[in-house]
Amino acid sequence: MTPKMAESGQTGKDKDWGVRTIRRITRWLESKMPTRAVMAENRYLKPIAHRILRSDLWRFTRRSVPRGVALGMLAAFLVPVGQIFVAAFLALPIRANVPIAALTTFITNPFTYPIWITAAYHLGKFALRIDALTDDQPLDEHIRGEFGIWLSWFVREAGTTAFGFVLLAIIFASLGYVISSFGWRWWTARKWQRRIVDNGLDSKSDGE
């Protein structure tokens, strides 16, 4: 076997491994994704199940998808348990896509949570600059007003990790909204281009 053939075989194996990994992740997400029937029977959502199961909340649109992504990110980082059902509950007033909101909450899971805890701690520590503070320099001297007093209490009682999770929620929700908005527009544009090509249409045929 020549080196080129060996390299080609290795590349094929790498691609197969990547495809299998993606399929496994997809199957795992599908197994964890609550169906409309499950949400309808959930005791916490049952009083408003008829509203959450409305077809417009399960429709994929340019507005509902980014909202669902942002909402899922917020629930993932701010809600320790029952993230899916919290996201579904909050999707109603902001008219977000329920499946997308539920799926996005899986960014925090038993496998990734240790990583997020470490990231939240370092982010909170950096943002608050706790190392630079001393007994003679309380936090509310750095941030004046009522917000500074509240933030000082929050850091003292909840710690830097909790504050870091708040920052992660804000950052990822904002990024998720922006990226999914542009991604949706790109995907829609590609879809229309393919439709035009498939139908044999182009700009020259317009108006004829």
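1. I171 comes first. In this predicted model, I171 has a relative accessible area of 38%, so the residue counts as partly exposed. I171 is part of helix α10. Together with L175 and I179, I171 makes up a nonpolar patch on the surface. The three residues share about 280 Å² of accessible area.

2. Now the overall fold. The protein has 10 helices and zero strands. Read from the N terminus, the order of elements is α-α-α-α-α-α-α-α-α-α. The protein has 208 residues, and 31% of them count as buried.

3. Next, the core. In soluble globular proteins, nonpolar side chains tend to be buried together. Here the largest nonpolar core holds 21 residues. Which residues have the most contacts inside this core? They are M39, I52, W58, A88 and V98. Four helices each supply at least two core residues: α2 (36-41), α4, α5 (83-94) and α6 (98-104). Helix α5 gives the most, with five residues.

4. Turn to the aromatic rings. A ring pair is described by the distance of the centres and the angle of the planes. How many aromatic pairs does the structure hold? There are six. One of them joins F77 and F172. The centres of these two rings are 5.3 Å apart and the planes stand at 40°, so this pair is tilted. F77 belongs to helix α4 (residues 64-78) and F172 to helix α10 (residues 160-198), so the pair ties together parts that are 95 residues apart in sequence.

5. Check how covered these two residues are. F77 has 4% relative accessibility, and therefore counts as buried. F172 has 23% relative accessibility, so F172 counts as partly exposed. The cut-off matters here: buried means under 20%.

6. A second pair is Y113 with F165. Is this pair stacked or tilted? The ring centres lie 5.7 Å apart and the planes are at 20°, so the pair is stacked. The cut-off for stacked is under 30 degrees. Y113 sits in helix α7 (residues 113-128), while F165 sits in helix α10, so this pair ties together parts that are 52 residues apart in sequence.

7. Y113 is partly exposed, because its relative accessibility is 29%. F165 has a relative accessible area of 9%, so F165 is buried. Now put the rings together. Ring pairs link F77, Y113, W116, F165 and F172 into a cluster.

8. One more ring deserves a look. R185 lies over the face of F182. The distance from the ring centre is 5.9 Å.

9. F163 is another residue of helix α10. Its relative accessible area is 13%, so F163 is buried. Which distances separate F163 and G124 in sequence and in space? They are 39 residues apart in sequence. In space, C-alpha to C-alpha, they are 5.5 Å apart.

10. Last, a backbone point. R95 has a positive phi of about 55°, although R95 is not a glycine. Where is R95 placed? R95 is in the loop between α5 and α6. At 45% relative accessibility, R95 counts as partly exposed.

Definitions and conventions
Residues are numbered from 1 along each chain as its sequence is written. This is a predicted model: local features need pLDDT of at least 70, side-chain atom pairs count only at pLDDT 80 or more; totals for chains, interfaces and linings use all residues. Side-chain values use heavy atoms; hydrogens and water are left out. Rings of Phe, Tyr and Trp (its six-membered ring) pair if their centres lie within 6.5 Å; planes under 30 degrees apart count as stacked, over 60 as edge-to-face and the rest as tilted. Buried means under 20% relative accessible area, exposed over 50%, partly exposed in between (1.4 Å probe, protein chains only). A charge sits over a ring if NZ of Lys or CZ of Arg is within 6 Å of the ring centre and within 35 degrees of the ring normal. Patches are made of residues with over 30% relative accessible area and no salt bridge: like charges are joined within 9 Å, nonpolar side chains (Val, Leu, Ile, Met, Phe, Trp, Tyr) within 5 Å. Accessible areas come from the Shrake-Rupley method with a 1.4 Å probe; for residues, only the protein chains shown count as cover. A salt bridge is a side-chain nitrogen of Lys or Arg within 4 Å of a carboxyl oxygen of Asp or Glu. A nonpolar core is a set of buried Ala, Val, Leu, Ile, Met, Phe, Trp, Tyr and Cys residues joined through side-chain atoms within 4.5 Å.
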